[in-house]
Amino acid sequence: MRARTPLSERRACQLLGLSRSVLHYASKRRDDGLQARLVELAGERRRFGYRRLHILIEREGFEVNHKRVHRLYKAAGLAVRRRRKRDRVAVERRPLQVPSGPNHTWSMDFVFDALANSKPIKCLNVVDDCTKEAVVIEAARRINGQGVADLLEAACRFRGYPVTIRTDQGPEFTGRSLDQWAQANGVKLLLIQPGKPTQNAYVESFNGKFRDECLNENWFVSVEHARAVINTWRRDYNEVRPHSSLGDRTPAEFAATLREQGALSQQPAPTDTLTNDGSTK
């Protein structure tokens with residue numbers, strides 16, 4: 001405007017509604033390497049949001065408020081991606097029923113502990129809901145779905161196959177390996193609802209006794225040592241330890257009494273029965 005007309009700067013700013021201080025403003029912002037360092041830190045700590053990165057930036061001597069860090073954080077596309085939750089199996093709520101006899105319903109769950117060198121160990125607990133017997137307690141560094149199926153198969157060779165096994169929705173219990181084993185042997189897998197441990201109360205009660213009387217009372221130096229101590233405790237639990245809900249009898253004594261009474265042959269059929277092709281009716 002001033003190049004084409006004789007207007008003064010003041011008059012031209014008045015006509016345009018522009019402040020003269022804005023016209024003469026020169027940005028004092030300089031490239032201090034903040035954004036580059038922010039991107040570098042975000043690459044090193046991928047699960048940190050802008051607030052934690054702001055703390056790290058300040059520790060390195062940058063004088064910057066959290067709003068600028070947030071602006072640069074968004075401009076660089078550094079937002080932390082939320083981890084996708086694993087899909088759960090939709091199951092309806094079922095009341096916890098008292099099994100009619102031995103080997104009708106088993107419950108299983110995992111309990112975790114640590115060795116003396118702080119390395120974690122994983123214990124698979126399998127309980128007969130009727131007799132309260134500890135069918136399996138296996139300790140190992142890792143137990144996957146195929147490992148669960150192998151342990152159950154070994155136990156069933158001596159005890160026979162149960163009608164139903166109740167579990168939570170852990171990945172070891174909802175994978176293909178255990179499902180194929182159950183289908184092949186006519187065993188029904190009963191999954192509880194996510195976050196509802198009371199629906200698997202029999203094994204949860206056993207887990208509390210197992211931790212209180214065995215895991216918390218021993219200091220394991222190796223997996224082999226843990227297996228030996230746990231196996232000794234399992235025999236004591238089944239054959240020596242009195243159980244109040246069984247009339248102060250041991251689980252082995254109670255199971256023997258039921259077998260003498262013919263509970264195995266007289267137990268009623270479950271509501272859902274398996275057909276030869278593995279479906280229910």
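Mentor: One definition comes before the rest: buried means under 20% relative accessible area, exposed over 50%, and partly exposed in between (1.4 Å probe, protein chains only). This is a predicted model, in which local features need pLDDT of at least 70 and side-chain atom pairs count only at pLDDT 80 or more, while totals for chains, interfaces and linings use all residues. Residues are numbered from 1 along each chain as its sequence is written, and side-chain values use heavy atoms, with hydrogens and water left out.

Trainee: Is Lys132 buried or exposed?

Mentor: Lys132 sits in the loop between strand 2 and strand 3 (134-140); helices (H or I, at least four residues) and strands (E, at least two) are DSSP runs, numbered from the N terminus. Lys132 is not a glycine, yet has a positive phi of about 65°. Because its relative accessible area is 16%, Lys132 counts as buried.

Trainee: And Ser118, which has a positive phi although it is not a glycine: is Ser118 buried or exposed?

Mentor: Ser118 belongs to the loop between strand 1 (105-114) and strand 2. The phi of Ser118 is about 75°. With a relative accessible area of 62%, Ser118 is therefore exposed.

Trainee: Which side chain makes a polar contact with the side chain of Asp128?

Mentor: Asp128 is in strand 2 (residues 120-128), and its relative accessibility is 0%, so Asp128 counts as buried. A polar contact is a pair of N or O atoms within 3.5 Å; within protein, one must be able to donate a hydrogen and the other to accept it, and residues adjacent in sequence count only if both atoms are side-chain atoms. A polar atom of the Asp128 side chain lies 3.4 Å from the backbone nitrogen of Thr131. The side-chain partner, at 3.2 Å, is Arg159.

Trainee: Where is Tyr161 found, and which side chain is joined to Tyr161 by a polar contact of 2.8 Å?

Mentor: Tyr161 is in the loop between helix 6 (145-159) and strand 4 (164-167). Its relative accessibility is 34%, so Tyr161 counts as partly exposed. The side chain of Tyr161 makes a polar contact of 3.2 Å with that of Asn185. The partner at 2.8 Å is Glu153.

Trainee: Which residues does Tyr161 touch, not counting those up to four places away in sequence?

Mentor: Contact means heavy atoms within 4.5 Å. Tyr161 and Ala182 are 21 residues apart in sequence, with C-alpha atoms 9.6 Å apart. The residues touched by Tyr161 are Asn103, Glu153, Cys156, Trp181, Asn185 and Val187.

Trainee: What share of contacts in the protein chain between residues at least 6 apart in sequence join residues at least 24 apart?

Mentor: The protein chain has 12 helices and five strands. Of its 281 residues, 37% count as buried. The share of those contacts joining residues at least 24 apart is 59%.

Trainee: What is the mean pLDDT of the protein chain, and how many contacts does the stretch of residues 263-281 have beyond near neighbours in sequence?

Mentor: pLDDT is the predictor's confidence in each residue, from 0 to 100. The mean for the protein chain is 85, with 87% of residues reaching 70 or more. Over residues 263-281 the pLDDT is below 50, and the number of contacts in the model beyond near neighbours in sequence is 26.
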